[in-house]
Amino acid sequence: QTLNETNPMIAQQLVNTILPRPDAGLTSGLIFFLTALRGGDLLSLIGEAPMRLIERSRPNLAGRMTEDFSALARIADEPGPGDWRVALIPVNTGAEIEQIRLLMRQHGGEEGEDAGPADGRFVLDVELTSLGRLQLDGLVRNNGKSLDLIIRSEEPLSETMHNDIRTIFLDAADLTGLKGGVNFQSAPAHFIDIADPL
């Protein structure tokens, strides 16, 4: 909003480039945001020019944004209940900016010299207008070569959606060499609920 008042072009460019969007670039947008979050550096996310404009027009806001981003980075780095780490990610839906939650947890690997990397688990938790709450629960194993995915929804998804999702999953697995499968769970969905860290 502040950037829009001083330089609408930079504001629009910022919203369209730094915030993940629910389109083909969602994965790269999420990775870009999570990389900046891991470093806890707001400047690496929004860039110098927009930050200078904010500092000039509203210095207090620039300070608050930096503190808030650092707090989000700490939350994503500190294990919470059940060893889950929670990343709060803004997503530009086109109509507004909404928040999704990404839960991450490492499953303990074996100890010793020959120990492989720990398995990882992630849960992407979103609220969709037409489908309601949806969770993508993934377990990554075998050094990133295997992915098992559970899609949880409040109401059962249609058979057509099941087939479309399975096709997308299998096509992606063929391209990347991943092993694994996708399953669906609903009514009851058995959502994984972690208290809001904020």
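Helices (H or I, at least four residues) and strands (E, at least two) are taken here as DSSP runs and numbered from the N terminus. On that basis the chain has seven helices and six strands, and read from the N terminus its elements go α-α-α-α-α-α-β-β-β-β-β-α-β. The model is a predicted one, so local features need pLDDT of at least 70 and side-chain atom pairs count only at pLDDT 80 or more, while totals for chains, interfaces and linings use all residues. Residues are numbered from 1 along each chain as its sequence is written, and side-chain values use heavy atoms, with hydrogens and water left out.

As for overall dimensions, the C-alpha atoms fill a box of roughly 50 × 45 × 35 Å along the principal axes. Of the 198 residues, 32% count as buried, where buried means under 20% relative accessible area, exposed over 50%, and partly exposed anything in between (1.4 Å probe, protein chains only). Contact means heavy atoms within 4.5 Å. Among contacts with a separation of 6 or more, 45% come from residues 24 or more positions apart.

On to the helices. In α2 (residues 8-18), the buried residues are I10, A11, L14 and I18. Seen down the α2 axis, these fall within an arc of 105° and so line one face of the helix; the arc is that of the directions from the helix axis to the C-beta atoms. That ties in with a general point: an α-helix has 3.6 residues a turn, so residues three or four places apart point the same way. The buried residues of α2 pack against α1 (2-6), α3 (26-39), α4 (42-46) and α5 (48-57).

Helix α3 also meets α6 (residues 59-77): their axes come within 8 Å and cross at roughly 95°. Axes are lines fitted to C-alpha atoms, for helices over the stretch in contact, with angles from 0 to 180 degrees between N-to-C directions. The pair is therefore roughly perpendicular (65 to 115 degrees; under 35 is roughly parallel, over 145 roughly antiparallel, the rest oblique). F33, A36 and L37 of α3 make the contact with F69, L72, A73 and A76 of α6.

Over in strand β4 (residues 132-141) sits D137, buried at a relative accessible area of 3%. The D137 side chain makes a polar contact (a pair of N or O atoms within 3.5 Å; within protein, one must be able to donate a hydrogen and the other to accept it, and residues adjacent in sequence count only if both atoms are side-chain atoms) with the side chain of R152, at 2.8 Å. Leaving aside residues up to four places away in sequence, D137 touches R121, F122, V123, D148, L149, I150, R152 and I192.
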